[in-house]
Amino acid sequence: MGIMAHSNELLIKQLYKAFSEKDSQTMADCYHSDADFDDPVFQKLHGSEIGMMWKMLCLQSASLEIGYENVHADDKTGQADWSAKYAFGRAKRMVHNKIHAEFIFEDGKIIKHTDHFGFWKWSRMAMGPLGLILGWNSIVKVNIRKQARVNLTKFITMTKNT
């Protein structure tokens, strides 16, 4: 008989399984109401913004493929390696982003989620030659982060008004 997975390990797997099924509501339910999320593009998201980000990403990419492995967790912390394949932007450039996620848990939910990936590598895939030339530049990073925040804010506003 195998060892039972920790409940927080199962929570991480539930998050990525839901993402692979584009089930943003189940994803949002994995987070504590006071959770924080951070990655190289979407920075300093808090509370309901996290679920709205996942909803926006699920709705925007028809070609989204999610994979995950190396999921480990205990009572307080966890980690996973996951990947996302999708067509990005108007040019529909294919992106295969490989991400390392770190989690902190509270009350059986994710209270802090930090994703790590190479911004320059992502920008080369997402933006093509422009990303190769400028993706390392801090001004480009700031502009991409600002645009991501603007897009999320617009999405949240549109969703509330429908």
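**Strand pairing and overall architecture**

Strand β1 (residues 31-38) runs parallel to strand β6 (residues 109-116), and four bridges join the two. Strands are counted as paired where DSSP finds at least two bridges between them. The model is predicted, with local features requiring pLDDT of at least 70 and side-chain atom pairs counted only at pLDDT 80 or more, while totals for chains, interfaces and linings use all residues. Residues are numbered from 1 along each chain as its sequence is written, and side-chain values use heavy atoms, with hydrogens and water left out.

The β1 and β2 strands form a hairpin with six residues between them, and in the turn Lys44 adopts a positive phi of about 55 degrees.

The protein chain contains six helices and six strands, assigned as DSSP runs (helices: H or I, at least four residues; strands: E, at least two) and numbered from the N terminus. Their order along the sequence is α-α-β-β-α-β-β-β-β-α-α-α.

Of the 162 residues in the protein chain, 41% are buried (under 20% relative accessible area, 1.4 Å probe, protein chains only). Among contacts (heavy atoms within 4.5 Å) between residues at least 6 apart in sequence, 54% join residues at least 24 apart.

Methods. Buried means under 20% relative accessible area, exposed over 50%, partly exposed in between (1.4 Å probe, protein chains only).
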